[in-house]
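Here are my notes for you on this one, point by point. Have the structure open while you read.

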Amino acid sequence: MFQLHVFLCFMASLQSHATTIGPVSDLLVANGNVSPDGFPRTAVLAGGTHPGPTIMAQKGDTFKINVTNQISNESMLTSTSIHWHGLFQHHSNQMDGTAFVTQCPITPGHSFLYEFNAGDQVGTYWYHSHYGVQYCDGLRGPLIIYDPNDPYRSLYDIDDESSIITLMDWYNLPSPQVQRQVVADSVLINGVGRYDGGPEVPFAVINVQPRKRYRFRLLNMACKPIYAAQRYSFILETNQPVDNYWVHANPDAGTNATAILRYAGSPNADPKNGTILDLAPLNETSLHPLYLPSSRLLQEPGIKLDLILGKNMTNYNFLVNGVQYISPSIPVLLQLLSGAMTAMDLAPNGSVYTLPRNKVIEVVFNPDNAPGGPHPFHLHGHSFAVIRSAGSNNYNYVNPIMRDTVDTGNSTGDRVTIRFITDNPGPWMLHCGLALVFAEAPEDVVASQPVNNASKQLCPLYNSAPQQNFPLPPVD
């Protein structure tokens, strides 16, 4: 959604990110009243804040996040699950947090301990509800895994909670009431924004010290927009005159977001300087990984999948290869553990694709008949090589960028192409608003993905709780 324009200086910290927790923590999910853009409403909050507390860990840490659900406002979903976006969950598929794929949701009054180790993964991630569109009601926050041997460490002085920047869209109605094609009421930088005709909420203030080098971690934690779920790190040198500077994030639709970059020693006032735009867009084809991906990803794939994205123009639901994804009543993981092995045996029928182990999979997206794009597709359980990017006709078989979320394009003829290796048995979702599930190496799931008793109890608890049925909101 956001096209970031870089001004005289860019960004740094905000006091709202002072709330941090470690990898072993309790996380209470409950309703709370917030007004990030000046409009008061009830939200679903993690740890009582929006965005939720930043989870900070070190490479190799084991996460033990005990999530307790105390949601009570029935104008929104009251059960919940939490996905740890970007973490592969090797041998811990049950902890992926994907409702009806790896678990049943956590019902009100109950808790679930998410316990997993991220292995060698380091970097900028985030967590969010993965039940319906509940995270649009506020349940989302950053998750950072620091690397004590960061190869870029010599290039910056500061990399902590003060250098985390979040972008989010915000809606002044509960998510079940938000029209499906609506423009966000506001865009938030570090949890603060303004809506058209609303009060002049004080801008988010991003504080920096002069003559320092900051490693910033920029997260798009939005719901509907383009580039949702993508993250970037960049290094900023605060080498400009001590002053206040404007920061903007421009969405593809609606009101842009504004914050203030404030050098220590400058007055607590709005910037007086004008905005100097750098209109050079960030081009995905110009991005390359520090370390080359597996050479297998650069050779002929073992399996090719063409995904035709579409939309049912009668009910306006999205389709993949002509099939609408409907969540099954039994999570796909539990179906696999019960012995279902083929796509015909697995629900939702037509939306589960079985993949053999240790193969290179190439996925080509065809968005020609999927309005409302570009659609940002996220693959659980993996990162992938972006062989062909949106807006490009070129294929990169040398040094493609590795991602877990990719923009699939908006132009007729776009054929975004990704590749990944099936080295992580289990059910993994590939989705944005459109969805399917890859059942990877079904025959190996029992040995690779054990399920504990607490996970097994989630479905009986969910099935015995009062069910919520929200009708789809109107299109416009």
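1. Start with Asp169 and Arg140, whose side chains meet in a salt bridge with N and O 3.7 Å apart. A salt bridge here is a side-chain nitrogen of Lys or Arg within 4 Å of a carboxyl oxygen of Asp or Glu. The pair ties together distant parts of the chain: Asp169 sits in strand 11 (residues 164-170) and Arg140 in strand 10, 29 residues apart. Strands are DSSP runs of E, at least two residues long, numbered from the N terminus.

2. Are these two buried or exposed? Asp169 counts as buried because its relative accessibility is 0%, and Arg140 is buried too, with a relative accessible area of 0%. Buried means under 20% relative accessible area, exposed over 50%, and partly exposed in between (1.4 Å probe, protein chains only).

3. A word on what you're looking at: this is a predicted model, where local features need pLDDT of at least 70, side-chain atom pairs count only at pLDDT 80 or more, and totals for chains, interfaces and linings use all residues. Residues are numbered from 1 along each chain as its sequence is written, and side-chain values use heavy atoms, with hydrogens and water left out.

4. How many salt bridges does the structure hold? There are 12. Another one to look up joins Arg41 to Asp137, with the closest N and O atoms 2.8 Å apart. Arg41 is in strand 4 (residues 41-46), while Asp137 lies in the loop between strand 9 (123-129) and strand 10 (140-146), 96 residues apart. Both Arg41 and Asp137 are buried.

5. Asp150 is in the loop between strand 10 and strand 11, and Arg215 is in strand 14 (residues 213-220), 65 residues away. Asp150 counts as buried because its relative accessibility is 10%; Arg215 is buried at 13%.

6. Now the outside. Tyr152, Leu155, Ile235, Leu290 and Tyr291 make a nonpolar surface patch of about 510 Å². Tyr291 lies in the loop between strand 17 (257-263) and strand 18 (303-311), and it is exposed because its relative accessible area is 60%.

7. Finally, confidence. pLDDT is the predictor's confidence in each residue, from 0 to 100. The protein's mean is 92, and 94% of its residues reach 70 or more. Over residues 1-17, though, pLDDT stays under 50. Where pLDDT is low, the predicted coordinates should not be read in detail.

Key
Helices (H or I, at least four residues) and strands (E, at least two) are DSSP runs, numbered from the N terminus. Contact means heavy atoms within 4.5 Å. Patches are made of residues with over 30% relative accessible area and no salt bridge: like charges are joined within 9 Å, nonpolar side chains (Val, Leu, Ile, Met, Phe, Trp, Tyr) within 5 Å. Accessible areas come from the Shrake-Rupley method with a 1.4 Å probe; for residues, only the protein chains shown count as cover.
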